[in-house]
Amino acid sequence: MGMENSISIDGAQLWSDLMETARFGATARGGLHRLALGADDLKVREWFAATCRALGCEVIHDSMGNQFARRPGTQPGLKPIMIGSHLDTQPTGGRFDGILGVLGGIAVLRALENGKVQTRHPIEVVNWTNEEGARFTPPMLASGVFAGVFTEEYARSRPDRDNITLGDALTQGGQAGAQPCGQHPAAAYFELHIEQGPVLEAEEKTIGVVQGIQGMRWYEVRVMGRDSHAGTTPMTMRADAMWAAARMIDAVHGVAMSHKDGLGTVGIVDCQPASSNVIPGNVMFTVDLRNPSDTVLEAMEQDFRARIATLAEDCGVEAIVSPVWNSAAVHFDPTCIACVREAAAEERYPMRDIVSGAGHDAAYMAQVAPTAMVFIPCLNGISHNEAESAEPTDATAGANVLLHAVLLADTRIDAA
């Protein structure tokens, strides 16, 4: 590869960017609170655009507020190779989830610019709007619109807890661009991310060559009983929605434990009327089921629904299960995976194949372009937490693999 082979990431500058952007939405405990399209997200978006423009890129927004920073290629008509992730965080998020992938992309742009390397394809760094789903559910809304999984009307109608819709937030923040979301071409897509799990660290591997993403299904369960007085209603005459919900929540755990590689989580419980001496008449809780196999995930759903129905009858309440989100298991592109593996081997980083347990924008991008991901370790496997941490050497390694995987893909992928 000649000159391209000798270029590498400026790790000190990448780390400096990570620390610089951690100012936007910083929490007292060293984490981040940067919800999609909130004031701090708008500030970090400005920083992203200014930083990329300073590297000679053109920066545009599409109609869902996705930001694209483009470094031109030499061959007219070739679609861009994209590097992307997100800048929004969980309410008590860390300083690496998402943003490492965006800043790793900027580090690639900087390495190409400093090395005076010309690529055939344009290289674009993308910041996807509302990946986390912490403010507007479901997650990965804007990359989902881009891939045609959600309609733009649906995505823009999604409300936050203050009943501000995503569409309102895009307009108020000046983030909605003229280009209709999904009309932006892509030749390939690469995403760098912390693992968000403990495997790489435990096995002392620097790079995870991501094969795909496990399937995920989200539900809301509404349990309807009868509000009544805690002191005057005999136990045998109650329709206690909270007691029923507690048993159902335990059943979610049981579903996960009884299917190979199953995961089940209840993350939100909302109880009404929420008074100490009133038997709750209404409880809503969320359920997150995951599995690497769509077949097993379907069996988990059937098991879950059957257990909820049985418990509702046992407890004398009504229960309604409403699907919120369904993301099928994703298998990444063999050519892009090979580019990642060869780049890691070229840089002599210890690596292993891995499946992502978390959802990423790459899950939707895989539906519209050849896609792969690069994982690096994170401290104790902790993520979606203010204690989230990664080593500077690992961040640099991941960005170097990203750089060389993109350069390999530039020679191997032709998509006019």
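Predicted model: local features only at pLDDT ≥ 70, side-chain atom pairs only at ≥ 80, totals over all residues.
Two strands are said to pair if DSSP finds at least two bridges between them. Strand 5, formed by residues 188-194, pairs with strand 16 in the parallel sense, and six bridges connect the two. Within this pairing, Glu191 has Met373 of strand 16 as its bridge partner. Strand 16 is also joined to strand 6, residues 207-213, by three bridges, and here the two strands run antiparallel. In this second pairing, the residue opposite Met373 of strand 16 is Val210.

The side chains of strand 16 may be considered next. In a regular strand, side chains alternate between the two faces of the sheet. Thr371, Met373 and Phe375 point one way from strand 16, while Ala372, Val374 and Ile376 point the other way, and all are buried.

The largest nonpolar core has 99 residues, of which Phe48, Phe190 and Ile207 touch the most other members. Helix 13, residues 392-412, gives the most to this core, contributing 11 residues. Apart from it lies another core, of 25 residues, which includes Val223, Leu297, Ile308 and Val317. When residues up to four places away in sequence are not counted, the residues that Phe190 touches include Ile81, Met82, Ile83 and Gly84, as well as Cys336, Cys339 and Val340. Also among them are Ala372, Leu402, Ala405, Val406 and Ala409.

A polar side chain can be enclosed as well. Asn127 is found in strand 4, which spans residues 123-127. With a relative accessibility of 1%, Asn127 falls under the 20% limit and therefore counts as buried. Its side chain makes a polar contact with the side chain of Gln67 at 2.9 Å, and the side chain of Asn127 also reaches the backbone nitrogen of Leu87 at 3.1 Å. Leaving aside neighbours within four places in sequence, Asn127 is in contact with Arg45, Gly65, Asn66, Gln67, Ser85, His86 and Leu87.

The aromatic residues form a further theme. A pair of aromatic rings is described by the distance of the centres and the angle of the planes. The structure holds nine aromatic pairs. In one of them, the ring centres of Trp15 and Phe96 are 5.6 Å apart and the planes meet at 35 degrees, so the pair is tilted. This pair links distant parts of the chain, with Trp15 in helix 2 (residues 11-21) and Phe96 in the loop between strand 3 and helix 4, 81 residues apart. Trp15 counts as partly exposed, at 22% relative accessibility, whereas Phe96 is buried, with a relative accessible area of 2%.

Trp128 and Phe146 form an edge-to-face pair, 5.1 Å centre to centre with 70 degrees between the planes. Trp128 lies in the loop between strand 4 and helix 5, and Phe146 in helix 5 itself, 18 residues apart. Both Trp128 and Phe146 are buried. Ring pairs also link these two with Phe68 and Tyr189 into a cluster. Finally, an aromatic ring meets a charge at Phe24, where the charged end of Arg23 sits over the ring, 4.9 Å from its centre.

How values were computed. Residues numbered from 1 in each chain as written. Heavy atoms only, no water. Buried < 20%, exposed > 50% of the residue type's maximum accessible area, 1.4 Å probe, protein only. Helix = DSSP H or I, 4+ residues; strand = E, 2+ residues; numbered from the N terminus. Polar contact = N/O pair within 3.5 Å; in protein donor to acceptor, adjacent residues only side chain to side chain. Contact = heavy atoms within 4.5 Å. Core = buried A, V, L, I, M, F, W, Y, C linked by side-chain atoms within 4.5 Å. Phe/Tyr/Trp six-rings, centres within 6.5 Å; stacked < 30°, edge-to-face > 60°. Lys NZ or Arg CZ within 6 Å of the ring centre and 35° of its normal.
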